Amino acid sequence: MESKISQERAPVAQKPHKIDTTVTGDIGGLVDIEINGRPYQVPFGITILEACRRNNIHIPTLCYHEDLCIAGVCRVCVVEIEGMRTLQASCAYPITGKIKIWTTSEKVRKARRHILDLLLSEHYGECYSCVRNNNCELQTLAKEYGVDYYRFGHVDQKRYEVDRSSYAIVRDMDKCVLCKRCVRTCIDLQEVGVLEATRRGYNTLISTFMDKPMIDVICINCGQCINRCPTGALRAKDPSDEIWKAIDDPKKHVVIQTAPSIRVAIGEEFGLPPGNSMTGQMATALRMIGFDRVFDTNFAADLTIMEEGTELLLRLKRKLVDGDENVKLPQFTSCSPGWIKFIEHYYPEYLDYLSTCKSPQQMFGAVIKTFYAQEMGIDPANIVTVAVMPCTAKKFECNRPEMNSSGFKDIDYGLTTRELAQMIKEAGIYLPELPPSHFDEPFGDASGAGLIFGATGGVMEAALRTVYEIVTGREVPFKNLEITPCRGIDGVREASVVLENVKEEWKFLEGVELKFMIAHGTANAKKVMEALIRGELNNYHFVEIMACPGGCIGGGGQPIPTSPEIRKKRIEAIYKEDAELPIRKSHENPHIKYIYEKFLVDGPCGHISHKLLHTHYTKRGKYIV
Amino acid sequence: MIYPDKNVIVSEVEHLVEKYGFGRENLLPILQEVQRKFGFISDFAMQEIAHRLDIHPVEVYGVVTFYSFLSTEPKGKYVIRLCKTISCDIAGKDAIARTLERELGLKFGETSADRKFSLEFCHCIGMCDQGPAMLINDQVFTKLTPSKVIEIIENIK
């Protein structure tokens, strides 16, 4: 299922070199090299940068990123190699023989300083008014190399208009240093292709098709480019001013919900290492900021599982029992708004395969402005719903015109993890030291199944825990409810489970092998869609797709930086918290039972839930007008 | 200029992709042929080519903007390209540029309203020993002086 494009765009030689130290290969084995006068043994074919990192020798980088192919354009990582006339970019130089390297010689230091001065001569921006102040790679390098004046001058006036047209992403080309990380992210990692270097030489500019504003080109708002931008050239659209205003307005009842993946990442914004869970502290902080109610999106994730699981079973019934040919299987998940926009643009004729369920964020918004407003006796017009999401695409999703089934906008503002951390700091709170507290009633508890939505494979695992039990009356046959085939970080994963000894009403599923597929990152989603078009997914039943690498924990609104290592830590933290929760299955959540008794009285996929919790999609196509 | 019909572009691109193949390495010859045939590469043509070669439209746009001889806007009948690279610059490119602007009543980068002339700068055309040099469509003019330029323009006006 390899895509043609991904291989051709970045030749193998440019792909990041990942060589296992234990496997030295048949070609060259270990090579003896000398770095700064000391001998080292490194595997054949490894880059100089990688060799130095493994031996704790620091080399500064800017355009290099672990998730992306090698570019070698910024030249910050240059080193001196004995016998070579010019300095070499260490990120792009594979070691294939005995070489002597100097990483901090006079020549190298001078060149790096000049390279930085040249980068700064093109970079316009006041650091203190920049969203990336204190978390900017260019700023860090300037400090590291003691830049004390602009040797080659400095831009003193704005040259480009800031592009604020998109709902999610703001582009400020004055701050761009042409490292092309966003280009490689968008084209290689996500295969969306919004940004590319245009023009040439001095006039080079990272731009969109025909220099159109972001809203007019095909952008899925995933925000992966923001996570990888070394400066503040790309940032998310920040609604925190409006939210502060709503909080300060005594007439408004401001309700906030926090997504599963926020709690395991927000600590990073306060200097903690990745993988620290801050659930209780975060709830306390949100109350201190002044939100009237603090809810957990995990509850809505449980609700999604009830709806989406039931929808899957209904589709299976209609297909297998009624023989309805119009039923599309496999059913694709619809939780990731980046993925929704991707399929709407690139595969509009396959929209019927998508589950009609809204994402948990929107479901919760609809429930808050109907059920919750009714229970509490508050006019929904005075309720402001805020959603903290790891995601920039959610900012677009909450502005979709069809997302107003309660008569009001389901979600008023989408906030990212970074922006929430900023609000917490602004309120004078140091998150890690707060006492933990619980989320508010009537949606106080959520299951572990809702929590693992944050990691790739989580929706699938949560759905399986519920669907299997509905059909057979027994727990899924996996130790400790840990459905390990769903877990992992491979781009495309498959799993299956055989349904045996099923309940009477699900007799038609006896002996059926339910087959699942999980993909994350839209480049992998594209592979799955191509397989679907070729007819290879005909006997699959359920496909989970998340637009961001690693799932929501790697979302475009999460703390910067990101790397495979950081994402792995966040995933581990999520599964750890799931294992410790008393309720692990969505259908066992008492609040879910309560809402189906009190409000959604005709059950999952019933008439009321269809009106409030389900949606439809738009065929957008990929033609840019 | 009448914009070429979309169906014409679609069939032309289809024909070119058949002729050169689907690989991304064939992008440049396809772009050159489209440029030759229509005089420019419209945004629709770029998207159609991208679609056929299974690459992103912005990548095609990146290539088109990189090369001086590919354009996204319709050009005049005579495209006048003055070399702006260093040897022509030293040989007196500025005086030639001023003369051209005055004679044609155009600024660099513009096309006349009657679509007869387009005036632009280009990168080195390999006439460094005979500068300043310019191209009118495919024809090279070297060792230019302001009076020589006036004569050339008069001839094609």
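Predicted model: local features only at pLDDT ≥ 70, side-chain atom pairs only at ≥ 80, totals over all residues.
Helix H1 of chain B covers residues 6-20 and helix H2 of chain B covers residues 27-38, and their axes come within 10 Å and cross at roughly 140 degrees. On the side of H1(B), the residues that take part are B:Glu12, B:Leu16, B:Val17 and B:Tyr20, and they meet B:Pro29, B:Ile30, B:Glu33, B:Val34 and B:Lys37 in H2(B). Sorted by class, this contact of H1(B) with H2(B) is made up of six nonpolar and three charged residues, with no polar ones.

**Chain B as a whole**

Chain B holds seven helices and four strands, which follow one another along the sequence in the pattern α-α-α-α-β-α-α-β-β-β-α. The chain is divided into domain 1, residues 6-66, and domain 2, residues 78-156, and the centres of these two domains, taken over C-alpha atoms, are separated by 29 Å. Taken along the principal axes, the C-alpha atoms of chain B fill a box of roughly 50 × 30 × 25 Å. Of its 157 residues, 29% count as buried, and among the contacts in chain B with a separation of 6 or more, 61% are between residues 24 or more positions apart.

**Backbone features in both chains**

| Feature | Residues | Angle |
|---|---|---|
| Cis peptide bond | A:Leu329 and A:Pro330 | omega about 0 degrees |
| Cis peptide bond | B:Gly131 and B:Pro132 | omega about -5 degrees |
| Positive phi, not glycine | B:Asp54 | phi near 60 degrees |
| Positive phi, not glycine | B:Arg115 | phi near 60 degrees |

A:Pro330 has its place in the loop between helix H9 (297-320) and strand E12 (331-332) of chain A, while B:Pro132 is found in the loop between strand E2 (117-122) and strand E3 (134-136) of chain B. B:Asp54 lies in the loop between helix H3 (43-53) and helix H4 (57-66) of chain B, and B:Asp54 counts as partly exposed because 13 other C-beta atoms lie within 10 Å. B:Arg115 lies in the loop between helix H6 (93-104) and E2 of chain B, and with 14 other C-beta atoms within 10 Å, B:Arg115 is likewise partly exposed.

**The nonpolar cores**

In soluble globular proteins, nonpolar side chains tend to be buried together. The largest nonpolar core here has 180 residues, and the members that touch the most others are A:Val255, A:Ile256 and A:Val386. If neighbours within four places in sequence are left aside, A:Ile256 is in contact with A:Leu286, A:Phe291, A:Val294, A:Phe295, A:Val386 and A:Val388. Another core, of 15 residues, lies apart from the largest one and includes B:Leu82, B:Cys83, B:Leu104 and B:Met134.

**Where the chains meet**

The contact takes 17 residues from chain A and 13 residues from chain B. On the side of chain A that touches chain B, the elements that give two or more residues are helix H1 (4-9) and strand E7 (196-198) of chain A. The residues of that side of chain A divide into nine nonpolar, three polar and five charged.

Note on methods. Residues numbered from 1 in each chain as written. Chains lettered and ligands numbered in written order. Domains from an automatic or database assignment. Core = buried A, V, L, I, M, F, W, Y, C linked by C-beta atoms within 7 Å. Buried ≥ 20, exposed ≤ 12 C-beta atoms within 10 Å, placed from the backbone. Contact = placed C-beta atoms within 7 Å. Axes fitted to C-alpha atoms, helices over the stretch in contact; angles between N-to-C directions. Nonpolar A, V, L, I, M, F, W, Y, C, P; charged D, E, K, R; others polar.
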